[in-house]
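The sequence and the structure are shown first.

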Amino acid sequence: MAQAQLTIDLAALRANWRSLAEMSQTETGAVVKADAYGLGVDRVAPALADEGARRFFVAIAEEGAELRRILGPRPEICVFSGHMAGDAALIRDAQLTPMINSIDQMLRHVEGLPGHAFGIQLDSGMNRLGMEPAEWRALRDIALAQKPSLIMSHLACADEPAHPMNTRQLQTFLQMTDGIDAPRSLAATGGVLLGSDYHFDVTRPGIGVYGGLPFLDARPVAHLHVPVIQIREVLPGETVGYGNTWTAERPTRVATIAAGYADGILRSMSHRAHMWAEETRCAVLGRISMDLIGVDVTDVTGDPEMLELLGVHQSVDTLADWAGSIGYEILTSLGARYARSYTGA
């Protein structure tokens with residue numbers, strides 16, 4: 001078989017969520033947007049619900065409706081994009097909780113779905129989603145009278161603990177929410193790691209659950225092994241791949257493996273990435289192409305059948321460093337061609 005194997009370790013995923021929940025010592029939700037960061041919401045969300053998550057977060061109402069189908073009626077499902085035009089029936093039928101981002105969304109919600117649950121998203125300085133302080137002051141009393149289920153904001157620099165933006169946003173959030181009795185939420189994974197001042201009533205870890213930074217102690221969740229199609233001997237002076245960008249300086253055994261940028265192995269990792277044949281580190285040679293990659297297996301004993309890209313030897317953030325990206329992009333780019341399997345259910 002030439003199909004690469006992507007294995008998702010649900011036991012590791014659950015352990016990561018549990019560790020973050022124990023750090024926060026408050027209600028801990030889970031972010032499962034973008035198909036659970038590319039790892040399969042139909043398997044990830046039930047595993048997290050079994051572990052104790054009772055509040056889930058998605059990006060758009062359509063994701064929320066699919067998650068409701070998967071999880072059934074009990075968990076609360078919060079939608080970051082709020083109540084968009086045309087979403088009323090979906091929000092009502094799937095019993096979603098839109099996180100209201102503006103006065104216009106508030107009017108749309110109370111007029112279209114009077115009495116339906118909602119939350120509020122505040123902009124504490126990121127300038128992305130949520131009500132700014134002046135807008136919130138104008139709406140605060142009206143909104144609070146209707147009992148929002150959650151009031152939240154989002155940290156811009158939580159992966160940099162010493163960044164002054166963290167304390168600035170914390171103080172702004174405190175000022176905007178002082179004296180309210182609705183549950184509050186400020187911390188995603190990075191915020192959990194910043195400490196108890198940032199935890200409030202609900203935390204909502206995402207990337208750390210899936211094995212990514214800034215949660216240094218996260219167990220790896222995604223394991224990717226790619227089959228070798230062919231091994232050839234390349235002589236000094238010969239080249240590998242498009243553009244002749246790698247030239248052999250010694251006799252080299254080159255394995256051509258069955259994956260490429262169509263599978264989310266980003267082309268920008270060319271000339272930087274490595275793979276593993278058991279305990280032997282093997283350099284990627286030349287350009288990563290759509291379906292194929294050349295790898296130096298000169299130092300490997302025998303002919304390997306599979307090479308590891310993700311797993312115990314290197315994380316999504318290792319790949320992200322090679323790509324000039326972040327672990328989030330690596331996970332959400334993993335393609336549809338992999339043979340997916342789940343362990344530790």
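## Basis of the report

The structure is a predicted model. The sections below treat helix packing, strand pairing, aromatic pairs and backbone geometry in turn.

## Packing around helix α3

Helix α3 spans residues 41-51 and helix α4 spans residues 61-71; their axes come within 10 Å and cross at roughly 60°. The two helices are therefore oblique to each other, and the crossing is right-handed. On the α3 side, V41, D42, A45, P46 and A49 take part, and they meet L67, I70 and L71 of α4. By class, this contact consists of 7 nonpolar residues and 1 charged residue, with no polar ones.

Helix α3 also packs against helix α1, which covers residues 10-24; here the angle is about 50° and the axes lie 10 Å apart. This angle makes α1 oblique to α3, and the crossing is right-handed. From α1 the contact draws on L10, L13, R14, W17 and R18, while α3 contributes R43, V44, A47, L48, D50 and E51. The contact of α1 with α3 comprises 6 nonpolar and 5 charged residues, again with no polar ones.

## Packing of helices α7 and α8

How do the axes of α7 and α8 cross? Helix α7 (residues 133-145) and helix α8 (residues 164-177) have axes that come within 10 Å and cross at roughly 20°. An angle under 35 degrees counts as roughly parallel, and α7 is therefore roughly parallel to α8.

The crossing of α7 and α8 is right-handed. P133, W136 and R140 are the α7 residues in the contact, and their counterparts in α8 are Q175, M176 and T177.

## Pairing of strand β1

Strands of a sheet pair through backbone hydrogen bonds, either parallel or antiparallel. Strand β1, at residues 5-9, pairs with strand β19, at residues 339-343, in the parallel sense over 5 bridges. Within this pairing, D9 stands opposite T343 of β19.

Strand β1 is also paired with strand β11 (residues 222-234), in the antiparallel sense and over 4 bridges. In that pairing, L6 has L224 of β11 as its bridge partner.

## The seven-stranded sheet

An open sheet contains 7 strands in the order β3-β4-β5-β6-β7-β8-β9, and the pairing is parallel. Which strands stand at the edges? They are β3 (30-31) and β9 (184-185); each has a single partner strand, so one side of each is left without a neighbour in the sheet.

One of the pairings in this order joins strand β4 (residues 55-58) to strand β5 (residues 76-79), in the parallel sense over 4 bridges. V58 has V79 of β5 as its bridge partner.

## Aromatic pairs

How many aromatic pairs does a search of the whole structure find? The search finds 4. Among them is the pair of F57 and F80, which is stacked, with 5.5 Å from centre to centre and 15° between the planes.

F57 belongs to strand β4, whereas F80 lies in the loop between β5 and α5 (88-93); the pair therefore ties together parts that are 23 residues apart in sequence.

## Backbone geometry

Most residues other than glycine have a negative phi, and most peptide bonds are trans. Two sites in the model are of interest against this background.

The peptide bond joining L213 and P214 is cis, with omega of about 15°. P214 is placed in the loop between β10 (202-203) and β11; β11 is also the strand that pairs with β1 in the antiparallel sense.

Q25 is not a glycine, yet its phi is positive, at about 50°. Q25 is found in the loop between α1 and β2 (27-28).

Note on methods
Residues numbered from 1 in each chain as written. Predicted model: local features only at pLDDT ≥ 70, side-chain atom pairs only at ≥ 80, totals over all residues. Heavy atoms only, no water. Axes fitted to C-alpha atoms, helices over the stretch in contact; angles between N-to-C directions. Parallel < 35°, antiparallel > 145°, perpendicular 65-115°, else oblique. Left-handed = near helix turned anticlockwise from the far one by under 90°. Contact = heavy atoms within 4.5 Å. Nonpolar A, V, L, I, M, F, W, Y, C, P; charged D, E, K, R; others polar. Pairing = 2+ DSSP bridges. Phe/Tyr/Trp six-rings, centres within 6.5 Å; stacked < 30°, edge-to-face > 60°.
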